2 protein chains.
Amino acid sequence: MPKGIPLTEEDQHRRRHEIFDAAVHLFLAKGFSETSLREIAAAAGVGKSTLYDYFPTKDDILVSMVVETITDLTDEAQEIVRRPLPAFDRLRAIMQLNLESVLANREFYLKLSFDVQRLGLESQKRIQTARHAYQDLIRQLIEEGVNEGSFRPVNSLLVARLLLAALTPTVFTSRPTGTPQEMLDEVFDMFLKGIHN
Amino acid sequence: MPKGIPLTEEDQHRRRHEIFDAAVHLFLAKGFSETSLREIAAAAGVGKSTLYDYFPTKDDILVSMVVETITDLTDEAQEIVRRPLPAFDRLRAIMQLNLESVLANREFYLKLSFDVQRLGLESQKRIQTARHAYQDLIRQLIEEGVNEGSFRPVNSLLVARLLLAALTPTVFTSRPTGTPQEMLDEVFDMFLKGIHN
DNA sequence: TTATATAGCGACCGCTGGTCGCTTGTCAAG
DNA sequence: CTTGACAAGCGACCAGCGGTCGCTATATAA
């Protein structure tokens with residue numbers, strides 16, 4: 001409905017979120033590139049070009065979605081980091097949280113995480129920033145563990161990235177070796193003790 | 001050039017390879033989805049629909065490329081497996097080989113490995129088969145190590161997948177902690193000894 | 001000479017993400 | 001009350017995509 005009166009900022013946000021939700025729903029159900037802007041517009045109950053009043057490109061909707069997901073996870077992890085527990089237990093708890101997040105966002109990881117990789121440079125940077133914040137949380141935790149003396153003096157950033165890189169492909173495999181929980185336990189055990197005798 | 005005489009099987013293969021090479025070249029230079037069939041046809045010096053006489057779809061060209069890459073790597077790894085060395089040394093050599101392959105196919109991993117994830121089910125299966133063969137090589141090596149007593153009794157398939165899953169994201173990161181070789185060494189060390197004190 | 005089969009092609013199809021100029025509706029100024 | 005400016009929304013339109021189809025040209029076989 002065309003209106004002559006400018007939308008309040010709150011209205012704009014609400015509208016934007018309506019479109020966002022419709023898009024996310026479709027992305028998760030059908031995948032990113034299989035969802036057309038025409039479908040998003042129809043689902044959100046607006047015209048196609050109205051989308052462009054709220055998001056500069058289709059990619060941008062995906063970027064917002066990814067950043068939001070990572071940011072939410074980071075916030076929850078931050079809470080764990082603050083607990084008065086040994087680094088080891090907190091690291092364990094964060095990995096558990098991450099597993100649960102991955103499982104809860106199963107469709108996202110299966111259907112959309114790859115689309116993220118082919119976004120433009122600027123989009124990548126926005127996502128990278130969010131991801132680095134999360135990585136740094138874990139990195140810092142590992143450093144605490146090293147200082148506590150409970151971890152060997154490892155390269156904390158590399159280990160943080162390894163841990164995170166291990167989780168998704170471990171859980172979403174065509175040849176699982178157990179339940180996701182069991183696999184996480186094994187992975188964590190591996191990271192702690194290594195495979196060497 | 002239209003001809004009434006059927007191509008010999010060898011001619012067909014040669015033609016197919018011309019198209020394949022042109023496509024691979026463009027894929028690596030520009031990316032998969034940024035390369036159009038019209039460009040491939042032009043580069044190969046044939047008409048657009050002639051492509052379809054040699055490849056059923058655009059995706060299929062990518063699948064062939066991926067399978068070929070994995071198969072080549074598997075063959076080289078197979079050679080290492082056969083060496084009369086302790087499992088540990090052979091595992092190390094294979095990881096080194098893998099690193100070199102990843103670095104040699106840098107463009108492929110950076111630009112194309114994500115496109116692979118959104119191929120159709122049938123394409124995925126063809127690639128999976130090739131990848132599983134490679135995984136199983138490493139899995140078997142780890143089992144040998146376990147039997148030798150040099151490795152703890154770990155879940156060999158899970159560890160094989162972890163090793164492979166760790167390599168690419170470790171080497172191709174926006175925050176490297178050293179040269180690829182140094183990072184591989186650290187990763188390998190981590191897998192062997194773990195982070196625990 | 002005719003019939004048949006092959007190799008190759010480009011016009012064409014439905015679809016995509018993105019753009020542009022038009023319409024509609026409201027407020028502010030004269 | 002009229003008019004002008006402007007916000008908001010829209011759908012026709014664009015170039016380009018992967019893929020299809022029916023036609024042409026050519027060579028062999030009968």
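Modeller: Contact here means heavy atoms within 4.5 Å. This is a predicted model, and in it 44 residues from chain A and 44 residues from chain B take part in the contact between the chains.

Biologist: How is the size of such an interface given?
Modeller: The size is often given as the accessible area lost when the parts come together. Between chain A and chain B, about 4200 Å² is buried, with carbon and sulfur atoms giving 55% of that area. On the chain A side, A:Arg152, A:Arg175 and A:Ile195 lose the most area to chain B, together 20% of what that side buries.

Biologist: At what angle do helix H10 of chain A and helix H9 of chain B cross?
Modeller: Their axes cross at roughly 105° and come within 5 Å, and each helix covers residues 180–193 of its chain. Angles of 65 to 115 degrees count as roughly perpendicular, so H10(A) and H9(B) are roughly perpendicular to each other.

Biologist: Which residues make the contact?
Modeller: H10(A) brings A:Met190, A:Phe191, A:Leu192 and A:Lys193, while H9(B) brings B:Met190, B:Phe191, B:Leu192 and B:Lys193. Six of these contact residues are nonpolar, two are charged and none is polar.

Biologist: What span should helix H4 of chain B have?
Modeller: At 1.5 Å a residue, the 18 residues of H4 (residues 87–104) should span 26 Å; the end C-alpha atoms are 25 Å apart, which agrees.

Biologist: And what do the buried residues of H4(B) pack against?
Modeller: Those buried residues, including B:Leu91, B:Ile94 and B:Val102, pack against H3, H5, H7, H8 and H9 of chain B.

Methods:
Residues are numbered from 1 along each chain as its sequence is written. Chains are lettered from A and ligands numbered from 1 in the order in which they are written. This is a predicted model: local features need pLDDT of at least 70, side-chain atom pairs count only at pLDDT 80 or more; totals for chains, interfaces and linings use all residues. Side-chain values use heavy atoms; hydrogens and water are left out. Axes are lines fitted to C-alpha atoms, for helices over the stretch in contact, and angles run from 0 to 180 degrees between N-to-C directions. Helices (H or I, at least four residues) and strands (E, at least two) are DSSP runs, numbered from the N terminus. Angles under 35 degrees count as roughly parallel, over 145 as roughly antiparallel, 65 to 115 as roughly perpendicular and the rest as oblique. Ala, Val, Leu, Ile, Met, Phe, Trp, Tyr, Cys and Pro count as nonpolar, Asp, Glu, Lys and Arg as charged, and the others, Gly among them, as polar. The expected span of a helix is 1.5 Å times one less than its number of residues. Buried means under 20% relative accessible area, exposed over 50%, partly exposed in between (1.4 Å probe, protein chains only). Buried area is the accessible area (1.4 Å probe) that two parts lose on being put together, summed over both.
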